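Thanks for coming, everyone. Please bring up the sequence and the structure on your screens. I will walk through it quickly.

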Amino acid sequence: LKAAMLKRGFAEAKLKKIDYRHNLEALLKEIQDRGIPVTSDTVAVIQGFSEQHRTHQLRYTVLVDDGAKTYWPPLPHVFTALDELLTLTRISTHGA
């Protein structure tokens, strides 16, 4: 998401602000607000991972049985979302 924003002229300093740093949903909203299409399946994957990413659970506690449920969509959905997000890092006709 950050790479897609940078390709479209989003200031790197702004991406480092607390509003965006680990907030996948805020980054997604910025992309969508710029008119960049993101499929509903990819939106669902991003939203599913967002809280875990924001709180660093995927780095530190996902392998610990702390009673918290870990979001993990089917791998084909993850790979499709990753392909789509990588495509957004290319210069495209969608947005500046």
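Of the 96 residues in this chain, 29% count as buried. Keep in mind that this is a predicted model. The accessible surface of the chain is about 6,500 Å². Carbon and sulfur atoms account for 58% of that surface.

Now the fold. The chain has six helices and zero strands. Along the sequence, the pattern reads α-α-α-α-α-α. Look at contacts between residues at least 6 apart in sequence: 60% of these join residues at least 24 apart.

Next, the inside. In soluble globular proteins, nonpolar side chains tend to be buried together. Here, the largest nonpolar core has 21 residues. Leu-1, Ile-31, Val-38, Ile-46 and Leu-88 have the most contacts inside that core. Which helices each supply at least two residues of this core? They are H1 (2–7), H3 (24–33), H4 (40–54) and H6 (75–88). H3 gives the largest share, five residues.

Let me zoom in on Ile-31. Set aside its neighbours within four places in sequence. Ile-31 is then in contact with Leu-1, Ala-4, Met-5, Ile-36 and Val-38.

Which residues of H6 are buried? Val-78, Ala-81, Glu-84, Leu-85 and Leu-88. Viewed down the axis of H6, these buried residues fall within an arc of 130°, so they line one face of the helix. Remember the general rule: an α-helix has 3.6 residues a turn, so residues three or four places apart point the same way. What covers the buried residues of H6 includes H1 and H4. Over on the other side of H6, Pro-76, Asp-83 and Leu-86 are exposed.

Last stop, Lys-16. Find Lys-16 in the loop between helix H2 (12–15) and H3. Is Lys-16 buried or exposed? Its relative accessible area is 53%. Exposed means over 50%, so Lys-16 counts as exposed. Now compare Lys-16 with Lys-2. In sequence, the two are 14 residues apart. In space, they are 9.8 Å apart, C-alpha to C-alpha.

That is the tour. Over to you for questions.

Definitions and conventions
Residues are numbered from 1 along each chain as its sequence is written. This is a predicted model: local features need pLDDT of at least 70, side-chain atom pairs count only at pLDDT 80 or more; totals for chains, interfaces and linings use all residues. Side-chain values use heavy atoms; hydrogens and water are left out. A nonpolar core is a set of buried Ala, Val, Leu, Ile, Met, Phe, Trp, Tyr and Cys residues joined through side-chain atoms within 4.5 Å. Buried means under 20% relative accessible area, exposed over 50%, partly exposed in between (1.4 Å probe, protein chains only). Helices (H or I, at least four residues) and strands (E, at least two) are DSSP runs, numbered from the N terminus. Contact means heavy atoms within 4.5 Å. The arc is that of the directions from the helix axis to the C-beta atoms. Accessible areas come from the Shrake-Rupley method with a 1.4 Å probe; for residues, only the protein chains shown count as cover.
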